[in-house]
Amino acid sequence: MTELLDLVGIFVFALTGALMGVRKRLDVVGMAVLAEMTALGGGIVRDLILNVRPAAFQSLGYVLVPVVATAIVFFWHPHVARGMPVILVLDAAGLGLFSAVGTQKALEYGLSPLHAALLGTVTGVGGGMLRDMLVGEIPTLLYDRQFYAVPALLGAGVMAALSSYGLHGWPATLAAAVLAFGLRLGAMRRKWRAPLARGTGE
Amino acid sequence: MTELLDLVGIFVFALTGALMGVRKRLDVVGMAVLAEMTALGGGIVRDLILNVRPAAFQSLGYVLVPVVATAIVFFWHPHVARGMPVILVLDAAGLGLFSAVGTQKALEYGLSPLHAALLGTVTGVGGGMLRDMLVGEIPTLLYDRQFYAVPALLGAGVMAALSSYGLHGWPATLAAAVLAFGLRLGAMRRKWRAPLARGTGE
Amino acid sequence: MTELLDLVGIFVFALTGALMGVRKRLDVVGMAVLAEMTALGGGIVRDLILNVRPAAFQSLGYVLVPVVATAIVFFWHPHVARGMPVILVLDAAGLGLFSAVGTQKALEYGLSPLHAALLGTVTGVGGGMLRDMLVGEIPTLLYDRQFYAVPALLGAGVMAALSSYGLHGWPATLAAAVLAFGLRLGAMRRKWRAPLARGTGE
């Protein structure tokens with residue numbers, strides 16, 4: 001179940017990476033690199049910081065799913081791009097899931113709740129940041145005021161809080177992931193906007 | 001004492017990160033990410049290379065101080081920006097301190113003096129390089145001819161040399177940090193300039 | 001023999017880094033940073049993922065050779081740049097060698113053949129990607145359609161395959177490196193081009 005959800009998250013993140021490749025007119029190699037980095041980058045950074053061998057280098061599925069996503073985008077990208085509203089919803093689900101699972105793994109490896117929540121957030125947003133930096137753009141979440149990172153951080157925080165009250169396991173992870181997912185959807189639908197520094201805004 | 005000096009260095013580096021966020025019109029999330037990365041990035045890279053859990057993920061203060069710096073810049077950035085001459089001096093102090101402390105930690109973990117000095121320099125300059133890359137700029141120290149990295153390297157080198165003559169502990173660290181700090185101030189005041197490759201200069 | 005070939009690869013990669021520094025009008029510090037990162041970046045990323053202390057921080061030669069390359073480019077860069085066709089051939093040799101050696105090291109540390117080949121490829125192409133990102137450019141291999149990464153991946157794959165049939169040691173490494181080198185030369189000479197996503201091409 002964990003593995004399956006993980007693979008769905010990886011697939012969706014990889015789609016956004018490969019689509020970015022098309023938009024930037026990269027070749028198929030560039031598309032595949034972006035797909036892999038977007039899907040696996042957050043988890044790799046998490047595992048490097050936890051000082052363990054990255055999961056991406058131990059699982060066949062983690063590495064192959066982005067290749068499949070690249071092939072789909074390569075052949076049918078106009079169709080995929082038309083499905084962008086769906087992809088954005090799935091991306092929000094992946095964000096919530098990765099943040100919750102990342103927090104849980106960090107807690108298992110002995111980080112404090114605060115640090116675990118922070119590292120869980122990095123797990124959720126790290127791949128997308130790497131994707132943007134690889135194509136020479138400022139990571140979207142730094143400036144677009146869309147509350148992309150904040151739902152991840154809140155979900156991760158709830159995960160860490162539940163865990164420190166002894167609530168581990170799948171129900172807790174799912175609750176935290178769903179919370180982050182819901183907040184992210186809310187932010188998208190209602191156009192909540194992160195503030196700019198005082199005096200520089202509208 | 002170590003911890004306190006470290007926190008001062010982190011605070012100043014975080015200020016420069018948050019101010020960069022304002023200059024680039026990032027939102028508050030982007031400001032906080034830049035503050036954290038500028039302040040903690042160099043030490044995280046150092047610890048990844050030493051193959052130990054990064055200190056930033058074990059200390060509450062290290063993570064929270066950049067949040068405070070972000071809040072200050074968020075509300076009072078025109079005042080903070082006016083204090084830039086002071087910030088540049090404090091940044092030079094942070095650079096010297098991080099380079100010396102980073103070298104010491106690298107020596108403790110068994111690196112040779114040369115490699116320890118190199119890793120200490122990475123500790124001092126790494127956060128600022130990440131900050132610049134995150135906002136899509138070439139890291140300043142690569143082209144501005146201002147001798148930003150060289151004082152750090154010389155301070156780190158003296159730290160490593162003192163240590164290999166058996167002079168460990170705070171007095172040595174402080175001497176190395178002060179040397180790097182002084183050289184950096186000298187480079188700023190007297191406008192020492194790093195050379196360009198032959199034939200491409202003035 | 002290993003060490004010597006490694007140093008030759010490092011030297012050539014460092015030359016391309018320092019030359020990029022001249023082209024971007026960086027100062028001598030920037031040239032040296034680019035030379036070090038181009039030459040050592042791929043191996044450092046490989047070792048971080050294998051969760052071992054990076055080789056670059058244990059060898060004197062690995063760190064000093066890029067300094068020599070920087071000095072040569074600093075004083076004689078017009079001559080060096082005129083030798084670019086030779087450098088491109090040597091760069092292809094370095095690419096093949098690093099990919100094969102990186103794969104071998106990954107296998108020794110227990111990665112599966114597929115993951116080892118992937119990490120070997122990262123070893124070969126990682127330094128150049130870091131070089132391009134540091135100077136604010138999209139890594140060339142993502143868009144230039146030149147099959148830079150694919151020869152590395154094929155060489156790494158052959159290395160992993162040979163190894164899983166029990167063929168270890170220098171002959172196997174050399175065969176894999178030569179294969180990648182030859183494919184890369186072929187791609188350059190015959191202008192093989194990686195495809196763009198369907199409908200976005202010529």
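Is C:Glu137 buried, partly exposed or exposed, and what is its relative accessibility? At 29% relative accessibility, C:Glu137 counts as partly exposed. The views below come from a predicted model.

**View 1. A salt bridge between two loops of chain C.**
C:Glu137 pairs with C:Lys24 in a salt bridge. Their closest N and O atoms are 2.7 Å apart. The pair links distant parts of the chain, 113 residues apart. C:Glu137 sits in the loop between helix 5 and helix 6 of chain C. C:Lys24 lies in the loop between helix 1 (2–23) and helix 2 of chain C. C:Lys24 is partly exposed, at a relative accessible area of 30%. C:Glu137 is partly exposed too, at 29%. Side chains of opposite charge can pair when their charged atoms come close.

**View 2. Buried salt bridges.**
Over all chains, the structure holds twelve salt bridges. One of them joins C:Arg46 to C:Asp47, with the closest N and O atoms 2.8 Å apart. Both C:Arg46 and C:Asp47 are buried. C:Arg131 forms a salt bridge with C:Asp132. Here the closest N and O atoms are 3.1 Å apart. Both C:Arg131 and C:Asp132 are buried. In chain A, salt bridges that share partners join A:Arg46, A:Asp47 and A:Lys105 into one network.

**View 3. Helix 8 of chain C.**
Helix 8 of chain C covers residues 169–190, 22 residues in total. The helix reaches 32 Å from its first C-alpha to its last. That is close to the 32 Å expected at 1.5 Å a residue. Its buried residues include C:Ala172, C:Thr173, C:Ala176, C:Ala177 and C:Ala180. C:Arg184, C:Leu185, C:Gly186, C:Ala187 and C:Met188 are also among the buried residues of helix 8. Which helices do the buried residues of helix 8 of chain C pack against? They pack against helix 4 (84–108) and helix 7 (149–164) of chain C. C:Lys191 follows helix 8 of chain C, and its phi is positive, near 50°.

**View 4. The surroundings of A:Thr103.**
A:Thr103 belongs to helix 4 (residues 84–108) of chain A. The residue is buried, with a relative accessible area of 0%. Which residues is A:Thr103 in contact with, leaving aside its neighbours within four places in sequence? They are A:Ala116, A:Ala117, A:Gly120, A:Ala156, A:Met159 and A:Ala160.

**View 5. Where chain C meets chain A.**
The contact involves 28 residues of chain C and 28 residues of chain A. About 2500 Å² is buried between chain C and chain A. Carbon and sulfur atoms give 69% of that area. In chain C, C:Ile49, C:His115 and C:Leu142 lose the most area to chain A. Together they account for 25% of what that side buries. How many salt bridges are counted between chain C and chain A? The count is zero. Ten residue pairs are in polar contact between chain C and chain A, with both residues at pLDDT 80 or more. Helix 2 (28–50), helix 5 (113–134), helix 6 (140–143) and helix 7 of chain C each supply at least two residues of the side that touches chain A. Helix 5 of chain C gives the most to that side, with six residues.

**View 6. Where chain B meets chain A.**
Chain B brings 28 residues to the contact and chain A brings 28 residues. The area buried between chain B and chain A is about 2500 Å², and carbon and sulfur atoms give 69% of it. Which residues of chain B lose the most area to chain A? They are B:Asp27, B:Arg53 and B:Phe57, together 28% of what that side buries. Between chain B and chain A the count of salt bridges is zero. Polar contacts across the interface of chain B and chain A number ten residue pairs, both residues at pLDDT 80 or more. Helix 2 (28–50), helix 3 (60–82) and helix 5 (113–134) of chain B each give two or more residues to the side that touches chain A.

**View 7. The copies superposed.**
Chain B can be laid on chain A by a turn of 120° and a shift of 0.0 Å along the axis, with an RMSD of 0.0 Å. Only 11% of the interface residues of chain C are also interface residues in chain A, so the copies meet through different surfaces. For chain B, too, only 11% of the interface residues are also interface residues in chain A, so these copies meet through different surfaces.

Key. Residues are numbered from 1 along each chain as its sequence is written. Chains are lettered from A and ligands numbered from 1 in the order in which they are written. This is a predicted model: local features need pLDDT of at least 70, side-chain atom pairs count only at pLDDT 80 or more; totals for chains, interfaces and linings use all residues. Side-chain values use heavy atoms; hydrogens and water are left out. Contact means heavy atoms within 4.5 Å. Helices (H or I, at least four residues) and strands (E, at least two) are DSSP runs, numbered from the N terminus. The expected span of a helix is 1.5 Å times one less than its number of residues. Buried means under 20% relative accessible area, exposed over 50%, partly exposed in between (1.4 Å probe, protein chains only). Buried area is the accessible area (1.4 Å probe) that two parts lose on being put together, summed over both. A salt bridge is a side-chain nitrogen of Lys or Arg within 4 Å of a carboxyl oxygen of Asp or Glu. A polar contact is a pair of N or O atoms within 3.5 Å; within protein, one must be able to donate a hydrogen and the other to accept it, and residues adjacent in sequence count only if both atoms are side-chain atoms. Copies are superposed by least squares on the C-alpha atoms of residues with pLDDT of at least 70 in both.
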